[in-house]
Amino acid sequence: MELRVLKYFLMVAREENITRAAKLLHVTQPTLSRQLMQLEQELGIKLFQRSNHSIILTEEGMLLKRRAQEIVSLVEKTRRELSNKEEEIVGEVSIGCGETKNMSFLSEQITMFRKRYPFVEFHILSATADDIKERIEKGLLDIGLLVEPVDIGKYEFIRMPQKEQWGVLTRDDSMLAGREFVTPEDLSGVPLIMVKREDVRNRLSNWFGDYYEGLEIAATYNLLLNAVNMVRHQVGSALCFQLDSGYSGLSFIPFSPRLETGAVLAWKKNQTYSRATQKFIQFARKHIIDIYDDAI
């Protein structure tokens with residue numbers, strides 16, 4: 001498979017129309033159709049369901065679309081990294097981040113780093129720890145801000161300076177509002193919006209103890225913004241971290257007994273990174289170590 005043909009395929013998949021895709025790619029329609037047919041012959045599968053007015057991806061076509069997007073993204077990222085001038089630090093650093101208070105610290109590091117190296121561009125992806133690790137393994141992300149529990153056996157990492165505090169996010173007019181803290185018993189019988197990650201749910205189950213089996217789980221979430229929306233619309237109260245951001249009409253109430261979770265900044269061991277990424281890792285590591293030294 002040629003990279004050029006994969007780009008042709010992705011354009012057709014996006015437009016769902018050969019004529020429009022050909023115009024955008026600046027090739028003739030017969031040329032584009034022939035390239036797609038040769039790709040199908042090479043793979044031995046049918047990629048599109050064709051009609052008079054549009055073409056739609058088959059199940060195999062959907063799989064190739066996902067893989068082609070990853071391939072094209074990785075090739076373009078590599079090309080940009082290799083084109084950097086040796087005498088200056090330029091390029092990109094891609095970081096996957098969970099929704100955590102430590103993101104504020106990371107943002108501060110990015111700000112300070114760019115004052116020193118203004119030609120470095122950061123790409124931030126919000127996702128769960130599992131999704132971030134998968135993208136790091138594929139080379140689509142350089143670094144991950146991962147919320148524990150998470151298996152980091154294959155990674156080098158820096159432990160972040162702040163612990164994440166668990167609690168419940170609820171409407172100001174709910175029966176829980178106004179409390180200083182909530183206990184497992186307080187949440188029994190309350191519709192809850194639960195995190196989707198199994199490792200995190202296991203940790204929460206230990207905190208709830210005997211009350212866990214009787215919980216009323218109304219929904220699950222992987223990113224907090226959607227959970228906030230569901231809380232506002234009375235789906236339930238969300239089990240989550242306390243973040244720096246406040247949400248109008250909603251209140252965060254911490255758990256009692258207190259439950260905290262750590263976070264790490266992680267990257268693959270024995271991996272060759274761009275100079276920009278190497279510099280940022282060194283920069284962040286130094287500042288985090290300095291924080292720990294000051295605390296001693």
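Which residues make a nonpolar surface patch of about 240 Å²? In this predicted model, the patch is made by M1, L43 and I45.

**Surface patch**
- One member of the patch, L43, belongs to helix α3, which covers residues 29-43.
- L43 has a relative accessible area of 32%, so this residue counts as partly exposed.

**Nonpolar cores**
- The largest nonpolar core holds 34 residues, and those touching the most other members are L187, L204, L239 and F255.
- Two or more residues of this core come from each of the strands β7 (164-171), β8 (191-195), β9 (216-221), β10 (237-241) and β11 (250-254), and from each of the helices α7 (198-208) and α8 (224-232).
- The element giving the most to this core is α8, with 5 residues.
- Leaving aside residues up to four places away in sequence, L239 touches a list of residues including W166, V168, L187, I193, L204, F208, Y221 and F255.

**Helix α2**
- Helix α2 spans residues 18-25, and its buried residues are I18, A21, A22 and L25.
- These buried residues line one face of α2, because they fall within an arc of 100° when seen down the helix axis.
- In an α-helix there are 3.6 residues a turn, so residues three or four places apart point the same way.
- The packing partners of the buried residues of α2 are α1 (3-15), α3 and β2 (55-57).

Conventions: Residues numbered from 1 in each chain as written. Predicted model: local features only at pLDDT ≥ 70, side-chain atom pairs only at ≥ 80, totals over all residues. Heavy atoms only, no water. Patch = residues over 30% accessible without salt bridge, like charges linked within 9 Å, V, L, I, M, F, W, Y side chains within 5 Å. Areas by Shrake-Rupley, 256 points an atom, 1.4 Å probe, with all protein chains shown as cover. Salt bridge = Lys/Arg side-chain N within 4 Å of Asp/Glu carboxyl O. Helix = DSSP H or I, 4+ residues; strand = E, 2+ residues; numbered from the N terminus. Buried < 20%, exposed > 50% of the residue type's maximum accessible area, 1.4 Å probe, protein only. Core = buried A, V, L, I, M, F, W, Y, C linked by side-chain atoms within 4.5 Å. Contact = heavy atoms within 4.5 Å. Arc of directions from axis to C-beta.
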